[in-house]
Amino acid sequence: MSRILFPFNGGVHPDGHKEASNAAPIRAMPLLPRYVVPLRQHIGAPARPLVRAGERVARGQMIGAAEGYVSTAAHAPTSGSVLAVQPRAVPHPSGLFDLCVVIEADGEDRAVESQPLDWRNLDASALRNRIRDLGLAGLGGAVFPSYIKLNPGAQAIHTLILNGAECEPWITCDDRLMRERAAEIVLGAEIMRHALGCASVLFGIEDNKPEALAALRAAVPADMEVVSVPTLYPSGGGKQLTYLLTGLETPTGGRSTDLGIQVFNVGTAYSLYRAVYLGEPMLSRVVTVTGHVAAPGNFETRIGTPLADLLAAAGGALPGAVGEIIGGPMMGFDLLDRVAPVTKSVNCLLVKDPRLFPARPAALPCIRCGACARACPADLQPFEMYWYSRAKDFGKAQSYDLFDCIECGCCAYVCPSHIPLVDFFRYAKSEIWERERDKREADQARRRHEFKEFRLEREKKEKAEKFAKAAEKQKAGAEAADPEEARKKAILQAALERARLAKEGVTPKNTDNLPAAVEKEIAEIDARRAQAETRAETRAETRPESGESRP
Amino acid sequence: MITAILVMAGIGLVLGGVLGWASIRYRVEDDPLVEKIDAILPQTQCGQCGFPGCKPYAEAIAKGEADINQCPPGGNEGVKRLAELLGVEPKPLGAGMEPKPKAVAVIDENTCIGCTLCIQACPVDAIVGAAKQMHSIIAEQCTGCELCLPPCPVDCISMRVIREDVATWKWRYPVHMMKRAA
């Protein structure tokens with residue numbers, strides 16, 4: 001109570017409209033005939049489908065396994081059969097389809113056997129892997145896989161912050177959850193504290209939720225603290241709440257873990273309690289349905305529930321509704337297709353009416369008033385980032401710390417010229433991301449191309465060397481080859497030699513068949529020649545001797 | 001007066017010597033401009049510019065032998081960045097060089113006869129296979145250069161355009177009405 005708060009700069013006070021949906025207790029959705037479970041509900045790689053069309057599944061059965069490090073599992077929300085594994089409409093601003101598992105409920109709602117986890121004695125890594133396989137992801141909006149956040153890693157975590165600020169207008173799902181299930185949230189926080197090995201646990205709740213504050217204060221043990229923070233949008237932003245409670249500023253491009261602080265949403269703590277104490281995967285979440293509907297309120301909704309069915313459970317949209325927003329009015333996006341299902345990231349379905357959600361007035365030129373910079377809770381200069389984003393000068397936009405923008409919408413909210421600043425920042429961010437992706441791909445292609453050229457060159461050299469070696473071997477090491485070869489060669493050589501000798505032996509003479517007189521003459525000549533040769537030889541033999549004996 | 005001239009001449013000689021020594025000692029071997037140009041090029045190695053790869057094209061641009069608008073995969077955006085780097089006016093892509101949407105090659109594995117001709121043609125070794133064995137393309141490493149299409153004797157390779165999905169989707173440039181100022 002006596003904790004000193006550190007107010008962040010900026011922020012706005014939009015109308016809360018919390019009372020529209022926070023009066024009634026959380027209602028359970030009836031079992032539906034069909035569920036559509038997207039395999040990409042979290043940040044990171046989509047889950048790998050484990051089932052095929054026609055297979056029977058039970059409630060809580062894993063239908064998608066975590067693929068890669070930043071990923072988590074998906075589970076069947078009820079028992080039934082898999083109708084299809086195919087791309088379907090998902091709640092995404094693009095309206096694009098994504099891979100989903102469509103499950104036809106059999107009405108039995110039969111569950112797989114689940115085992116509570118012995119979290120105090122389980123090895124930390126084993127506990128995290130179980131949490132990953134139970135599909136836990138942050139319910140605060142970023143849907144980051146929880147098992148990664150529960151790994152303290154190299155950085156020692158000293159403080160755990162449970163985020164129950166719920167600063168976005170209209171949304172009351174965390175409010176109702178804290179009022180009704182405070183004890184379970186505290187048990188979840190205990191598990192988080194155990195996994196992270198941190199001493200201090202703080203609950204940050206905006207002071208426009210006195211019932212939730214009271215309920216949690218009654219539930220927490222003495223070593224946890226429930227802090228009431230002033231109502232100011234966006235105090236529920238992770239970095240803003242961290243600063244508010246501890247006075248520590250998250251560095252540019254960093255995370256709160258760099259400061260030794262980990263932040264979880266209270267809804268995640270509740271899901272962690274269910275996962276660990278009941279062994280139940282993340283099968284449902286509380287979703288606020290509010291705005292221009294007959295019976296606004298909060299619904300315990302199974303993941304995969306088509307939004308049209310959720311809307312029907314709240315009595316349907318009232319006449320004159322002009323579309324729906326997923327999330328709140330500050331950070332949410334327009335729903336393009338009502339068949340899209342509830343995912344782990346959907347915290348609110350807000351039905352618009354023309355009175356409270358008039359069409360955005362036409363934008364006027366920026367008048368350099370600086371209102372956006374004063375409202376920015378991240379201490380940025382939105383007008384600078386806007387000019388450069390609009391001019392597609394992304395490098396300059398980035399140099400104004402575009403990526404520290406949390407897209408809270410305060411700048412667009414206060415802009416007297418009604419410029420949709422956040423739309424420009426989102427545009428610039430996704431363009432920069434694409435460039436970085438292209439750059440990575442180009443670098444990979446360059447490396448592979450250079451390697452191929454190097455490989456071809458090497459192969460050419462190797463081939464030339466091989467030929468040179470072979471020629472040398474043929475020349476030099478013929479007989480050094482194996483004895484069999486040598487023997488054969490010797491035989492061949494011998495045969496050749498014999499043939500040569502034989503040839504010499506039968507040197508043909510043109511003196512065959514000559515008359516007797518001619519033969520006699522030849523014989524005489526031969527005899528004379530022989531005589532002459534012997535004479536010459538004896539001369540040649542004696543001469544050198546006399547020459548040598550000469551003094 | 002003489003002293004001043006001598007001192008100035010001496011300083012000049014010493015500094016000139018230092019600069020001369022530094023220019024030899026710290027000589028940059030590669031042409032840094034080629035590297036900079038090559039960094040902008042998309043590395044598809046497709047040869048549509050008329051050079052056998054991105055690096056040769058970069059070298060030709062650096063020497064002034066090639067124009068900056070010969071790279072269709074880089075698109076007008078690439079031409080713009082080259083123009084910025086080289087300090088020249090950007091120009092539209094050359095005639096008949098419309099940028100195509102990003103695509104990857106796909107082998108119809110039932111038709112492939114395993115001739116290895118595409119493997120030899122692939123500039124980034126993105127095709128796996130052996131003689132008389134089925135070939136397959138590693139989609140993540142394919143640059144979409146289309147160089148494997150002509151050598152295939154059975155025409156079993158086709159290009160498949162990469163469609164954007166939820167992960168690669170981009171926020172569009174905000175279209176917002178500007179009120180007419182008076």
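Before looking up the core, I need the term: a nonpolar core is a set of buried Ala, Val, Leu, Ile, Met, Phe, Trp, Tyr and Cys residues joined through C-beta atoms within 7 Å. I also keep in mind that this is a predicted model.

**Entry 1: the cores.** I looked up the largest nonpolar core and got 123 residues. The ones with the most contacts inside it are A:Met192, A:Ala269, A:Val287, A:Leu310 and A:Leu421. Helix α4 of chain A (residues 182-196) supplies the largest share of this core, eight residues. There is also a second, separate core of 15 residues, with B:Cys122, B:Val124, B:Ala126 and B:Cys142 among them.

**Entry 2: one residue up close.** What does A:Val287 touch, leaving out residues up to four places away in sequence? I found A:Leu310, A:Phe299 and A:Asn298 among its partners, and also A:Cys173 and A:Val342.

**Entry 3: the sheet.** In chain A I traced six strands forming an open sheet with mixed pairing, in the order β1-β14-β13-β17-β15-β16. Its edge strands are β1 (27-28) and β16 (333-334), each pairing on one side only. I then followed β13 (residues 284-291) and β14 (residues 297-302) of chain A, which pair antiparallel over six bridges. A:Thr288 stands opposite A:Asn298 in β14 of chain A. Helix α3 of chain A (residues 173-180) packs on the sheet and touches β13, β14 and β17 (348-351). The direction of α3 makes about 125 degrees with that of β13.

**Entry 4: where the chains meet.** I get 25 residues of chain A in contact with 23 residues of chain B. On chain A's side, helix α13 (residues 421-476) gives the most, with 14 residues. By class, that side has eleven nonpolar, five polar and nine charged residues.

Terms used
Residues numbered from 1 in each chain as written. Chains lettered and ligands numbered in written order. Predicted model: local features only at pLDDT ≥ 70, side-chain atom pairs only at ≥ 80, totals over all residues. Contact = placed C-beta atoms within 7 Å. Helix = DSSP H or I, 4+ residues; strand = E, 2+ residues; numbered from the N terminus. Nonpolar A, V, L, I, M, F, W, Y, C, P; charged D, E, K, R; others polar. Buried ≥ 20, exposed ≤ 12 C-beta atoms within 10 Å, placed from the backbone. Pairing = 2+ DSSP bridges. Axes fitted to C-alpha atoms, helices over the stretch in contact; angles between N-to-C directions.
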